[in-house]
Amino acid sequence: MQIPPEIAFQHVEPSDDIRALIAEKITLLEKIYDGIISAHIQIRAPHQRKQTGNLFSVTIEIRVPGKALVVRKEQGDAARHEHLRATLRDAFAAMAVELKRWKDTIKGEVKSHDGPLQGRIVQLDQTRAFGQILATDNRLIYFHKNSVIDGSFDDLALRDTVGLVVQSDESAIGPQASTVRRIGALSFDPAAKPSRR
């Protein structure tokens with residue numbers, strides 16, 4: 001994960017046991033898709049009930065390239081949500097389903113959009129030698145410095161326009177460019193519709 005997970009507790013006493021459970025569940029999500037950018041988990045106990053006790057509410061937001069996936073398990077979803085561990089397990093199970101669904105969608109998009117594209121560089125990480133490109137078909141495409149041709153990764157800058165080819169096989173981090181080449185600014189029109197030829 002690019003950014004350490006954030007956990008917020010509201011009307012709930014933080015505990016090492018709960019933090020360990022969350023870490024374990026995040027590791028399982030990363031096995032589904034290892035390109036997760038960030039995770040934010042909010043745990044709330046909004047109401048006290050004399051008969052049924054405290055019903056917990058958990059919200060999980062996972063950021064992946066180009067999208068935020070959000071799951072909320074609110075009080076009243078299940079009687080067992082009186083137990084925080086059960087609520088967390090249910091929320092992470094629902095997020096696993098969402099993440100698999102998103103990954104399958106991306107896999108289908110990569111297969112249906114293979115070929116030369118144009119885009120603009122929107123992220124560069126010099127220390128880890130990768131970047132991301134916003135393509136004309138509105139996908140966020142990852143690239144490694146080894147995919148840069150006709151120049152050097154170190155010569156690239158944010159907002160540079162590039163031509164790219166997306167790998168046809170599935171990547172664990174989503175759409176990934178096999179080649180990236182800087183092109184002239186006039187070749188890229190962000191308002192243009194992508195070619196369907």
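Are F130 and Y142 buried or exposed? Both residues are buried. The model discussed here is a predicted one.

## Nonpolar cores

The largest nonpolar core has 30 residues, and among its members L29, I41, I43, L88 and L99 touch the most others. Two or more residues each are supplied by α1 (16–32), β2 (38–44), β3 (57–64), β4 (67–73) and α2 (84–112). Helix α2 gives the largest share, 9 residues.

L99 shows how parts of the chain meet. Apart from neighbours within four places in sequence, L99 is in contact with L29, I32, Y33, I36, V64 and L69. There is also a second, separate core of 14 residues, which includes V148, L156, A177 and V180.

## The Y33–W102 pair

The whole structure contains 3 aromatic pairs. One of them joins Y33 and W102: the ring centres are 4.9 Å apart and the planes stand at 80°, so the pair is edge-to-face. Y33 sits in the loop between α1 and β2, whereas W102 belongs to helix α2, so the pair ties together parts 69 residues apart in sequence.

Y33 has 2% relative accessibility and therefore counts as buried. W102, at 7% relative accessibility, also counts as buried, because the cut-off for buried is under 20%.

## The F130–Y142 pair

F130 and Y142 form a stacked aromatic pair, with 5.4 Å from centre to centre and 25° between the planes. F130 is in strand β6 (residues 130–135) and Y142 is in strand β7 (residues 140–144), so this pair ties together parts that are 12 residues apart in sequence.

Conventions
Residues are numbered from 1 along each chain as its sequence is written. This is a predicted model: local features need pLDDT of at least 70, side-chain atom pairs count only at pLDDT 80 or more; totals for chains, interfaces and linings use all residues. Side-chain values use heavy atoms; hydrogens and water are left out. A nonpolar core is a set of buried Ala, Val, Leu, Ile, Met, Phe, Trp, Tyr and Cys residues joined through side-chain atoms within 4.5 Å. Buried means under 20% relative accessible area, exposed over 50%, partly exposed in between (1.4 Å probe, protein chains only). Helices (H or I, at least four residues) and strands (E, at least two) are DSSP runs, numbered from the N terminus. Contact means heavy atoms within 4.5 Å. Rings of Phe, Tyr and Trp (its six-membered ring) pair if their centres lie within 6.5 Å; planes under 30 degrees apart count as stacked, over 60 as edge-to-face and the rest as tilted.
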